[in-house]
Structures are given as C-alpha cells and as structure tokens.
Amino acid sequence: MKAFSIFKEILLFVILVLLQVLLFNRISIFGFAVLILYIYFLIKLPYGRNKFYVIVSGFLLGLVIDIFLNTPGMNAAATTIVATFRSVILNLFYPKNEYEDFVPSIHGPTAAFVKFVLVMVLLHQTLLFFIEAFTLFNFVSTIIRLVSSSLLTIVLILALDLLSVGREKISG
C-alpha cells in the first residue's frame, strides 16, 4: 500500500509541475493574478509522512519549478519553508490522533481543509512574492498580486479537490 501511495505522489508531482510550467505560468489575469497550483502537492501529502521526506519533497518541487522557469531559488525557498511548517499548520486544524495515512481532503472536515489550504497558500504566496520582489518599493503592487493569486489558487485547489473526491466516491 505504501509503494502505491508513493507512486501516486510521484505522479501528482509530475502532473502539477507540467501543468504549472506548460500552462499556468503562461496565464496572467489582468497582469496580476497567476495561478500557482503546485503547492497542492504539499497539501495532499499524507498526515503521517516523515518531516524530512516532506521538506525534501518541498525543496525538490520548488527546485524543479525554478529550473523550468529560470527563477533562481525563489520557488525552492518558498516551498521548503512551507514544507517545514506543514506539520504545525496541519496540527492547527486536524486532531493529532488522526491515522498515519490520512490525506487532508475536502471530503473530511470541510472547514478544517479550507482553513488548512488558506494558510498553506497564503504562506507560500507571501513568501514567494516577497522573495521575488525583494523590496518594499512596490508594496501595493506586491499585495495586489499576492491577494489575487492566492484567491485564484485557493478556489482552484478547492475545486480540484472536490472533483477528485467526487471521482473517488464514484469508483469506490
């Protein structure tokens, strides 16, 4: 079962990287909002994953995105920091006695999942956009990009998770 879970994680990793690099980074709404979907990989890792595994996965995810988008370490830094705090954020919204293989989903406690996604995306986007700007000179522009990209990303992650749960229910 664990090998199958890791295979699904690798598949999700590859699909999200390809979608981000080939599609979502080419789309910008009003020049501000950019959909950053690859953070969904860190959100969907099982609850009981080893912290080292999560941090290394987050770093590799950001590094692969950086390589394809020619952004020197910005995504790697943001995803590594988010991966480091993932277990703390999970423990804020989910009970600590959950099963090891529990995967956060909208199908579980919906309010907890929405809050978890909100915090993860806002933390990631804040880190990414302020690392990218590396200044407070265009603070208002950075905040507009942060808010619009975060809202777009959160809505798509929730919709994607809702669709994947619906598909799992039908096949299950």
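Some ground rules. The model is predicted, local features need pLDDT of at least 70, side-chain atom pairs count only at pLDDT 80 or more, and totals for chains, interfaces and linings use all residues. Residues are numbered from 1 along each chain as its sequence is written, and side-chain values use heavy atoms, leaving out hydrogens and water.

Start with α3 and α4. Helices here are DSSP runs of H or I, at least four residues, numbered from the N terminus. The axes of α3 and α4 come within 7 Å and cross at roughly 160 degrees. Axes are lines fitted to C-alpha atoms over the stretch in contact, and angles run from 0 to 180 degrees between N-to-C directions. So α3 is roughly antiparallel to α4; that label applies over 145 degrees. The α3 and α4 crossing is right-handed, a term for a near helix turned clockwise from the far one by less than a right angle. On the α3 side, contact residues include Val54, Gly58, Phe59 and Gly62. On α4, they include Ala76, Thr80 and Ala83. Contact means heavy atoms within 4.5 Å. By class, the α3 contact with α4 has eight nonpolar, seven polar and three charged residues. Nonpolar covers Ala, Val, Leu, Ile, Met, Phe, Trp, Tyr, Cys and Pro; charged covers Asp, Glu, Lys and Arg; the others, Gly among them, are polar.

Next, α4 and α5. Their axes are 9 Å apart, at an angle of about 155 degrees. Therefore α4 is roughly antiparallel to α5. This crossing is right-handed. Among the residues that meet are Ile81, Val82 and Phe85 in α4, and Phe116, Leu123 and Leu127 in α5. The α4 contact with α5 has 17 nonpolar, three polar and three charged residues.

Zoom in on Leu127, in helix α5. What does Leu127 touch, not counting residues up to four places away in sequence? Ala78, Ile81 and Val82. Leu127 and Ile81 are 46 residues apart in sequence, yet 8.4 Å apart in space, C-alpha to C-alpha.

Last, the second largest pocket. Its volume is about 230 Å³, the space filled by probe spheres set on the grid points, which are joined across faces, edges and corners. A pocket is an open set of points on a 1 Å grid over the protein atoms alone, where a 1.4 Å probe fits, with protein on both sides within 12 Å along at least five of seven lines; lining residues have an atom within 4 Å of a point. Of 17 lining residues, Asn25, Val34, Ile36, Glu132 and Arg145 are the closest to its centre. The largest share, three residues, comes from α5.

Notes
Helices (H or I, at least four residues) and strands (E, at least two) are DSSP runs, numbered from the N terminus. Angles under 35 degrees count as roughly parallel, over 145 as roughly antiparallel, 65 to 115 as roughly perpendicular and the rest as oblique.
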